[in-house]
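Thank you all for making time this morning.

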Amino acid sequence: MADSELKYLSGFNNEFATEDPRCPGALPKGQNNPIKCPYGLYAEQLSGSAFTCPRETNKRTWLYRIRPSVKHTPFSKSDNWGLVDDWKAWYPNPNQLRWKPFSLPEDDEKVDFVQGLNTLCGAGDACSRHGAAIHIYACNTSMGDKCFYNSDGDFLIVPQQGNLKISTEFGKMVVEPMEFCVIQQGMRFTIDVSGPSRGYVLEIYDGHFTLPNLGPIGANGLANPRDFLTPVAWYEDRTVDEYTVISKYQGKLFAAKQGHSPYDVVAWHGNYVPYKYHLDNFMVINATLFDHADPSIFTVLTCQSMKPGVAIADFVIFPPRWAVQEHTFRPPYYHRNCMSEFMGLIKGRYEAKEGGFQAGGGSLHSMMTPHGPDKECFEKCSDENSDFNTKPQKIATGSMAFMFESSLSFALTQWGDKTCCSIDEDYYKCWQTLQSHFTGPKDSIAEQKQEAQPETKPATASYSF
């Protein structure tokens with residue numbers, strides 16, 4: 001099937017039903033697992049939540065497949081490549097951190113998506129199903145007769161360079177830069193690429209991603225549900241000498257073998273699905289009179305913790321938008337945060353740091369580590385006589401920055417701190433030339449001291465108290 005022929009189902013958290021048109025009627029009528037499924041298929045349920053979860057959070061899909069997924073050899077230990085989950089193995093680093101574009105594989109290397117995953121930072125524990133991690137992928141070859149699934153949590157994948165052609169048990173999808181996809185826990189997938197490819201992965205162990213509540217915004221805005229796309233059913237009945245199934249389980253990789261493609265699902269129905277979204281579809285909300293609104297208004301998806309309003313992880317974007325505030329410093333304000341903030345750049349330049357923050361790189365501002373605009377941005381955007389600061393301006397044109405924000409205190413891995421060789425050692429210098437502009441009641445301390453001395457007056461004068 002050509003990429004241009006791929007079809008999708010529209011909606012977020014919907015109940016979908018789809019069957020490959022080559023096998024009409026493949027979905028059982030009126031029940032999930034009849035004594036004999038149409039076309040001699042096997043019925044298999046994939047559960048993304050406990051059976052007894054409330055209906056609004058209950059996630060499951062019924063798959064009707066040529067062979068059940070249980071048909072494989074025992075799993076054995078596999079190379080973990082760059083994946084790490086021991087957050088105490090490397091000494092903490094509270095500094096402001098910025099990475100230059102992460103390196104792509106050399107031309108003479110063959111690196112697929114799984115081999116090209118490297119863990120940058122994270123927190124929590126996959127065994128207790130609480131935590132999150134950020135990975136960087138850099139690859140240049142397709143996975144071939146291999147598939148991958150994550151037993152620990154969900155992957156939110158943000159391509160920065162190169163299209164990802166993703167086969168899943170649910171169907172096929174193509175994810176391009178300026179799109180992202182979510183492949184949820186347990187879903188098998190294979191990624192094909194046509195050249196050097198790079199991007200970012202946010203992994204969550206708790207629950208699943210949801211749309212943020214809109215509150216007083218109303219019924220419409222931010223990421224609208226209808227713009228999320230899920231692939232339609234597609235299958236291949238293909239036998240092979242050796243197909244490798246890779247499982248990420250408790251932070252480690254394991255491999256099993258089987259003699260057929262796992263993408264033999266002829267039909268499926270349910271609400272536990274992979275999906276993608278194009279960032280150009282985000283409906284931006286912004287301040288229109290004064291002050292800089294908090295970046296939470298740019299939240300695309302969130303994974304909430306047990307504390308109301310506190311996220312295990314938010315996926316936030318900074319899209320092109322109009323800045324129209326009056327008497328306001330329009331770039332992001334200087335900030336110390338009780339959250340961890342990782343930022344990446346898909347394309348263009350980020351308005352608060354146009355010089356050193358590059359597409360394909362990233363930055364991490366850890367809990368309570370100060371951050372904010374550099375001197376150039378501050379000086380430019382503090383000029384009260386500049387039309388740029390006093391008249392409506394379209395900002396971030398041709399750019400797309402994003403943020404993975406978490407209530408967890410992310411710990412760096414050795415790869416993130418040293419091995420990847422992308423750390424910008426001079427990042428801190430962008431703030432060192434910021435000057436004091438304090439005017440105070442007097443121009444100088446010396447004048448304040450002089451003013452504090454009693455005035456000498458003629459002896460005949462009287463003093464009044």
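I will start with the protein as a whole, then turn to one strand, and end with the salt bridges.

A word on the basis first: this is a predicted model, in which local features need pLDDT of at least 70 and side-chain atom pairs count only at pLDDT 80 or more, while totals for chains, interfaces and linings use all residues. Residues are numbered from 1 along each chain as its sequence is written, and side-chain values use heavy atoms, with hydrogens and water left out.

The protein has four helices and 28 strands, where helices (H or I, at least four residues) and strands (E, at least two) are DSSP runs numbered from the N terminus. Along its principal axes, the C-alpha trace spans about 120 × 45 × 40 Å. Of the 465 residues, 51% count as buried, and here buried means under 20% relative accessible area, exposed means over 50%, and partly exposed lies in between, with a 1.4 Å probe and protein chains only. If we take contacts, meaning heavy atoms within 4.5 Å, between residues at least 6 apart in sequence, then 77% of them join residues at least 24 apart.

Let me now turn to strand S13, which covers residues 179–183. How many of its five residues are buried? Five of the five are, so S13 is largely enclosed by the rest of the structure.

Which strands pair with S13? Pairing here requires that DSSP finds at least two bridges between two strands. S10 and S13 pair in the antiparallel sense over three bridges, and Phe-155 stands opposite Ile-183 in S13. Strand S20, residues 275–278, also runs antiparallel to S13 and is joined to it by four bridges, with Val-182 standing opposite Tyr-275 in S20.

That brings me to the charged side chains. A salt bridge is counted when a side-chain nitrogen of Lys or Arg lies within 4 Å of a carboxyl oxygen of Asp or Glu, and by this rule the count comes to 18.

One of them connects Asp-152 and Lys-248, at 2.8 Å from N to O. This pair links distant parts of the chain, since Asp-152 sits in the loop between strand S9 (146–150) and strand S10 (154–161), whereas Lys-248 belongs to strand S17, 96 residues apart. Are these two residues buried or exposed? Asp-152 is buried at 3% relative accessibility, and Lys-248 is buried with a relative accessible area of 3%.

Another salt bridge joins Asp-237 to Arg-67, with the closest N and O atoms 3.0 Å apart. Here the two residues are 170 residues apart, Asp-237 in the loop between strands S16 (229–231) and S17 (239–249), and Arg-67 in the loop between strands S4 (60–65) and S5 (76–77). Arg-67 counts as buried, at 16% relative accessibility. Both residues also belong to a network of salt bridges that links Glu-44, Arg-65, Arg-67, Glu-169, Asp-237 and Asp-264.

Finally, the side chains of Arg-22 and Asp-20 meet at 2.8 Å, N to O. Arg-22 is partly exposed, with a relative accessible area of 48%, whereas Asp-20 is buried at 2%.
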